[in-house]
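Subject: Structure for you to look at

Hello,

Here is the structure I said I would pass on.

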Amino acid sequence: MSNEDGDDGTSRRLGMAAIEVHQVSKRFGEVRAVHGVSFTIERGSICALLGANGAGKTTTLAMLLGLVTPSTGSIRVLGHDLLRHRYEVLGRMNFSSPYMDLPQRLTVAENLTVYGRLYGVPTLKKRLAELASRLEIEALMRREYRTLSAGQKTRVVLAKALINRPEVLLLDEPTASLDPDTADRIRRMLLDYQRETGATLVLASHNMTEVERVCDRVLMMRGGEIVDRGTPAGLIARYGRDTLEEVFLDIARHRSHDGLAATAT
Amino acid sequence: MMGLPKHVFSGQRIGAMVLRYLYLLRGSWPRIVEQAYWPTVQMVIWGLVTRFFVTNSSWVAEAAGVLIAAVLLWDVLFRAQLGVSVIFMEELFARHLGHLFASPLRPYELALSLVLISVVRTCIGVGTAALLAIPLYHYSIFEMGLPLLAFFTNLLIFGWAIGFGICALLLRYGLGVESLAWASIFAIAPVSGIYYPIAALPEWLQPVAWILPTSYVFEGMRAVLFDRHFDTGMFLWAVALNVIYLIAGAAVFLRAFEHARERGLLLQAGE
């Protein structure tokens with residue numbers, strides 16, 4: 001995030017912005033889902049969107065993917081205006097979410113083959129073998145998606161998310177439903193992927209420990225707005241807390257970083 | 001696709017979606033059987049009715065295959081429409097639209113893949129019933145020759161147009177309108193002149209029949225079977241109306257995607 005966004009000054013300068021969001025709002029009828037949100041995410045950084053349920057994280061991610069059209073404002077991804085050039089960007093992005101399924105009656109291999117072709121992945125068989133090995137899903141490849149456990153499905157959806165070696169990877173709760181051991185391995189795998197490719201990762205998560213370990217930037221959302229931002233360590237220091245979870249609770253419960261109770265909205 | 005930039009129109013992406021639907025079909029033998037089951041049952045019933053009428057109705061006796069041909073061609077329309085709308089419904093059941101449209105897949109590429117898979121499903125379903133009619137009733141619809149291709153194509157296109165309209169409603173209102181996918185086409189059955197001439201309809205209803213391509217197809221079919229004459233005028237009317245309906249259906253379908261993006265429905269679809 002750039003200084004104009006209120007960064008704490010420790011951000012790495014990694015070149016062009018991967019994502020630029022300017023004054024974006026989204027209303028669904030009377031419901032204000034996102035309001036006047038602006039942020040920039042540098043290429044090669046790992047940024048978290050944090051906030052309680054209904055804070056606007058999923059809507060923000062969906063707008064970054066072009067699945068939801070903003071009511072106002074502009075979004076640029078990899079230098080392209082997402083509204084006007086959506087399809088020039090989508091092939092260079094991908095995402096995973098435990099709340100969106102893949103076709104239940106297709107096998108894992110069939111699902112990944114379909115997505116490999118949708119994204120125009122060259123040497124697809126080789127890529128599928130790499131991903132199967134990396135995500136430890138070799139034994140699942142011939143099984144129908146519907147027969148998998150929640151944790152196995154999460155790994156398969158992650159394989160789909162990595163199939164096109166995305167430059168921008170959006171992850172909605174990437175380790176949901178995973179046991180601590182598998183979750184840790186997935187986190188390492190995502191970090192390795194980011195280091196190898198220089199990809200930009202944006203994740204929405206409720207797992208504060210994960211965010212502290214993985215992310216170099218955090219956007220705190222509440223009521224559809226970004227209410228604070230910074231590095232995990234910077235936010236923890238600013239709020240005088242020991243963990244990001246405590247910072248999260250302060251923000252969710254409308255306590256400001258000077259320790260005084262803020263006016264409830 | 002030749003002549004079009006790859007990033008605008010991709011045969012590979014359309015092929016990927018067709019492959020997805022072929023995997024679905026291949027992975028479930030009941031689905032394959034179901035394609036042929038109803039067309040075959042209908043053909044058997046109307047074949048038996050024909051046997052009775054051949055000796056009791058001079059009209060049917062003049063062209064013994066008229067009822068079997070009618071039911072098979074009606075099923076072309078029905079299967080083409082189902083091929084589009086029911087397959088689209090599979091994506092809603094699977095809560096899969098979010099992943100699909102976060103990929104570079106365009107809505108019109110999805111529409112083309114639905115059209116292609118509907119041809120496959122229609123050929124499996126109606127083709128099986130048409131082939132079974134040969135040994136069962138000594139009637140081959142294929143003896144109609146090239147006019148059959150003209151009727152088949154027109155009914156396919158009208159089926160797609162209706163299917164796109166239903167997909168738009170599914171996207172807009174969700175699976176609450178699921179029954180429309182199965183039942184809506186029967187609303188036009190009485191005025192399409194499937195088993196009787198349009199002239200048999202009440203006079204006030206006949207103008208309604210003549211705004212449907214199906215009426216021209218079934219009148220054209222009877223002209224071939226009774227008079228051994230392919231009515232080019234009827235054919236051209238059916239084509240012209242189909243062009244209008246297909247453009248309207250595709251436009252409504254594509255507009256529904258823009259609306260879904262505005263309302264966040266691609267995330268919720270299926271719920």
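Predicted model: local features only at pLDDT ≥ 70, side-chain atom pairs only at ≥ 80, totals over all residues.

**Where the chains meet**

Chain A gives 26 residues to the contact and chain B gives 28. On the chain B side, the elements that supply two or more residues are α1 (11-26), α5 (97-101), α11 (232-263) and α12 (265-268). Of these, α1(B) has the largest share, with 8 residues. Sorted by class, the chain B side has 11 nonpolar, 10 polar and 7 charged residues.

**Helix α10 of chain B**

This helix covers residues 213-227 of chain B. α10(B) has 15 residues, and the distance from its first C-alpha to its last is 21 Å, close to the 21 Å expected at 1.5 Å a residue.

Is α10(B) enclosed or open? With 12 of its 15 residues buried, α10(B) is largely enclosed by the rest of the structure. Among the buried residues are Pro213(B), Tyr216(B), Phe218(B), Met221(B) and Leu225(B). The buried residues of α10(B) pack against α4, α7 (146-173), α9 and α11 of chain B.

The packing with α11(B) can be described in more detail. The axes of α10(B) and α11(B) are 8 Å apart, and the two helices pack at an angle of about 155°. Angles over 145 degrees count as roughly antiparallel, so α10(B) is roughly antiparallel to α11(B). The crossing of α10(B) past α11(B) is left-handed.

On the α10(B) side, the contact is made by Pro213(B), Tyr216(B), Val217(B), Glu219(B), Gly220(B) and Ala223(B). On the α11(B) side, the residues include Met234(B), Trp237(B), Leu241(B) and Tyr245(B). By class, this contact has 10 nonpolar, 2 polar and 1 charged residues. As background for reading such lists, an α-helix has 3.6 residues a turn, so residues three or four places apart point the same way.

Just after α10(B) comes Arg228(B), with a positive phi of about 55°.

**Helix α5 of chain A**

Take care with the name, and look for residues 150-162 of chain A. α5(A) has 13 residues and reaches 19 Å from its first C-alpha to its last, close to the 18 Å expected at 1.5 Å a residue. How many of the residues of α5(A) are buried? The count is 11 of 13, and α5(A) is mostly covered. The buried residues include Val156(A), Val157(A) and Leu158(A), and also Lys153(A), Arg155(A) and Lys160(A). The elements that cover them include β6 (93-96), α3 (108-118), α4 (124-134), β7 (168-172) and α6 (180-197) of chain A.

**Two positive phi values in chain A**

Most residues other than glycine have a negative phi. Leu78(A) has a phi near 50°, a positive value in a residue other than glycine. Leu78(A) sits in the loop between β4 (72-77) and β5 (80-81) of chain A. Leu78(A) counts as partly exposed because it has 19 C-beta neighbours inside 10 Å, and a buried residue needs 20 or more.

Arg165(A) is not a glycine either, and its phi is positive, at about 45°. Arg165(A) is in the loop between α5 and β7 of chain A. With 16 other C-beta atoms within 10 Å, Arg165(A) is partly exposed.

- Thr72(A) is in strand β4 of chain A. Thr72(A) is partly exposed, with 13 other C-beta atoms within 10 Å. Leaving out residues up to four places away in sequence, Thr72(A) touches Gln23(A) and Ser25(A).
- Leu201(B) lies in the loop between α8 (178-183) and α9 (206-209) of chain B. Leu201(B) is partly exposed, with 18 C-beta neighbours inside 10 Å. Apart from neighbours within four places in sequence, Leu201(B) is in contact with Val191(B), Gln206(B) and Ala209(B). The C-alpha atoms of Leu201(B) and Ala251(B) are separated by 32 Å, and the two residues are 50 apart along the chain.
- Leu92(B) belongs to helix α4 (residues 66-93) of chain B. Leu92(B) and Leu266(B) are 174 residues apart along the chain, while their C-alpha atoms are separated by 9.3 Å.

Regards

How values were computed
Residues numbered from 1 in each chain as written. Chains lettered and ligands numbered in written order. Contact = placed C-beta atoms within 7 Å. Helix = DSSP H or I, 4+ residues; strand = E, 2+ residues; numbered from the N terminus. Nonpolar A, V, L, I, M, F, W, Y, C, P; charged D, E, K, R; others polar. Axes fitted to C-alpha atoms, helices over the stretch in contact; angles between N-to-C directions. Parallel < 35°, antiparallel > 145°, perpendicular 65-115°, else oblique. Left-handed = near helix turned anticlockwise from the far one by under 90°. Expected span 1.5 Å × (residues − 1).
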